[in-house]
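Subject: Handover of a structure for your review

Dear colleague,

Please find the sequence and the structure below. A summary of what was found follows, and I would be grateful if you read the two side by side.

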Amino acid sequence: MITVRVNNISKKYSQNKTEVLALDKISFDVNQGELFAVIGPDGAGKTSLFRILTSLILAEEGIATVDGFDVITQYKEIRKRIGYMPGKFSLYQDLTVEENLNFFASIFHTSIEENYDLIKDIYDQIAPFKDRRAGKLSGGMKQKLALSCALIHRPSILFLDEPTTGVDAISRKEFWEMLKRLKQQGITILVSTPYMDEASLCDRVALLQKGKILSIDTPENIMSQFKNKLWAIKSEEMYPLLLALRSNAFIEQSYPFGEYHHVLTNNEKELALFAQNYNAELKIVDPTIEDCFIALMQNHVNL
Amino acid sequence: METEKVIIVKDLTKSFGDFIGTNAITFDVHKGEIFGFLGANGAGKTTAMRMLCGLSRPSSGEASVAGYDVYKYPEEIKRNIGYMSQKFSLYEDLTVKENIRFYSGIYGLNKSQIHEKTSSLLDQLHLLNEKDSLVKSLPLGWKQKLAFSIAIVHNPAIVFLDEPTGGVDPITRREFWEMIYQASANGTTVFVTTHYMDEAEYCNRVSIMVDGKIEALDTPSNLKRYHNAKTMDDVFLILARKAQRQADQ
């Protein structure tokens with residue numbers, strides 16, 4: 001069953017008399033119970049897309065439905081059914097943790113008690129600070145409170161706009177574990193992120209760049225579409241190695257990637273010789289989502 | 001031969017009442033080194049960095065930055081370092097050219113130096129056509145590259161980078177790191193924080209702070225070997241999971 005349907009959606013902004021196309025004829029579906037990520041850098045159009053689907057702004061073109069309801073004509077129905085966590089912390093800073101949660105529960109004609117089982121896992125972690133003002137919480141705690149508030153009316157779909165941006169590696173891991181548990185409760189989750197490595201934690205991902213979808217599939221399928229052989233090379237001095245790689249015609253592309261440089265070549269023998277001369281370790285590696293994103297951004301390989 | 005040390009820190013501590021933000025940290029950073037300063041949110045990184053930048057007076061311990069003592073010469077330190085953060089680095093309502101001129105002036109470059117720097121930077125960054133555009137109209141990646149160039153416009157001994165690549169696309173992120181490599185090759189010391197663990201691999205050495213203390217400090221390959229971990233991400237998780245204090249307690 002399709003929970004979110006996006007069909008040919010475009011969104012423009014005018015900035016200093018020039019028009020910026022934030023979303024350029026985007027189409028995709030999200031199935032019920034799916035954990036779906038929109039992955040892309042700042043300015044890719046992630047927030048615009050989420051605001052359209054949550055009925056906060058209007059698209060110039062295209063149709064979108066959420067839970068079967070049109071985002072323009074039936075927005076009231078949609079607002080009852082969704083939970084939305086914007087990228088910027090938007091709770092009441094001057095209310096306490098508990099007051100914020102109570103406020104959102106009462107807006108949706110429910111109570112904390114009624115849906116406590118859904119948020120227990122998350123709220124328990126901030127319950128010791130329930131009398132603290134939201135504005136005085138740390139980033140990680142604010143995030144947990146915002147997620148609790150977005151869940152308190154038991155929504156069928158959750159929209160999370162960059163919940164892990166600027167968050168350290170550990171809190172990011174914990175956050176994704178929470179999402180997995182929510183998914184098990186049957187909630188459809190749309191999440192956006194600039195972190196490519198989070199793709200592997202999702203059922204399907206859409207790679208978004210400059211308002212266009214570069215690819216949309218399961219992480220495994222996206223990675224398997226990377227047709228070229230990808231090499232990884234490493235030596236003592238990494239920056240001189242990178243410059244040396246670039247000065248050779250048989251290197252199609254080379255870029256730093258963790259402790260190695262990733263390399264695409266049109267001549268494997270030359271590359272092997274090069275590695276020998278530089279006393280460098282050379283091996284074939286599986287591409288990651290980030291390699292795919294880079295390739296798609298440049299249209300360098302058939303993907 | 002001992003390489004020149006540009007940051008020397010010994011038992012550096014900062015307390016806020018009962019709370020010890022940075023707890024007796026000790027380390028050195030060498031000239032031209034790319035030094036990764038990692039830690040979970042709330043581990044004490046910002047507190048430590050503020051002391052090293054001459055913005056906050058330590059409670060106890062010793063530190064010298066670019067040859068200047070942090071207690072006695074904080075103003076000298078500010079003149080001899082560059083600083084850039086993800087949040088604020090440039091004036092959005094000034095043009096590209098105006099930002100370069102403004103910061104060059106602040107850092108005491110004279111008229112002809114400013115003129116020279118402006119044209120060389122615009123050229124290097126391929127921003128000639130954008131020189132009269134407001135900074136706010138630039139894509140984030142361009143902004144960050146410009147901000148980095150401006151942070152080192154006065155050839156500082158050390159540049160401090162606080163999460164410089166957050167949200168930037170993967171290609172620009174790498175271009176940014178190549179600028180860091182270049183600065184380091186030119187002898188500028190780079191002190192950088194990041195949440196991208198692959199970027200920790202690009203550093204010569206990495207320190208990991210947990211609960212206000214430096215829990216580990218070594219090259220990425222030594223850290224991985226020692227902790228029997230495949231990636232820096234794993235090393236980070238092993239160390240930072242030990243944290244007792246919450247970011248907000």
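Throughout this message, contact means that heavy atoms lie within 4.5 Å. This is a predicted model, in which local features need pLDDT of at least 70 and side-chain atom pairs count only at pLDDT 80 or more, while totals for chains, interfaces and linings use all residues. Residues are numbered from 1 along each chain as its sequence is written, chains are lettered from A and ligands numbered from 1 in the order in which they are written, and side-chain values use heavy atoms, with hydrogens and water left out.

Chain A

Chain A contains 10 helices and 14 strands (DSSP runs numbered from the N terminus: helices are H or I with at least four residues, strands E with at least two). The C-alpha trace of chain A spans about 70 × 45 × 40 Å along its principal axes. Of its 303 residues, 52% are buried, a term that stands for under 20% relative accessible area, with exposed over 50% and partly exposed in between (1.4 Å probe, protein chains only). Among the contacts in chain A with a separation of 6 or more, 68% are between residues 24 or more positions apart.

Chain A carries 34 positive and 39 negative charges, whose mean positions are 4 Å apart. Here Lys and Arg count as positive and Asp and Glu as negative, without His and the chain ends; each charge is placed at NZ of Lys, CZ of Arg, CG of Asp or CD of Glu.

One residue of chain A deserves a separate note. A:Leu147 belongs to helix H5 (residues 139-151) and is buried, with a relative accessible area of 0%. Beyond the residues up to four places away in sequence, A:Leu147 touches A:Met85, A:Ile122, A:Leu158, A:Leu160, A:Phe175, A:Met178 and A:Leu182. Between A:Leu147 and A:Asp42 there are 22 Å in space, C-alpha to C-alpha, and 105 residues in sequence.

Chain B

In chain B there are 9 helices and 10 strands. The radius of gyration of chain B is 18 Å, close to the 18 Å of the globule rule for 249 residues, so chain B is as compact as a globular protein of that length; the radius is taken over C-alpha atoms, and the rule is 2.2 Å times the number of residues to the power 0.38. The C-alpha trace of chain B spans about 50 × 45 × 40 Å along its principal axes, and 54% of the 249 residues count as buried.

Helix H5 of chain B (residues 140-151) has 12 residues. Of these, 10 are buried, so H5(B) is largely enclosed by the rest of the structure. Among the buried residues of H5(B) are B:Lys143, B:Lys145, B:Leu146 and B:Phe148. Their cover includes strands S6 (81-85) and S7 (158-162) and helices H3 (96-106), H4 (111-124) and H6 (170-185) of chain B.

B:Glu199 lies in helix H7 (residues 197-200) of chain B and is buried, with a relative accessible area of 0%. Leaving aside neighbours within four places in sequence, B:Glu199 is in contact with B:Thr165, B:Arg173, B:Trp177 and B:Thr194.

With kind regards

Technical notes:
Expected span 1.5 Å × (residues − 1).
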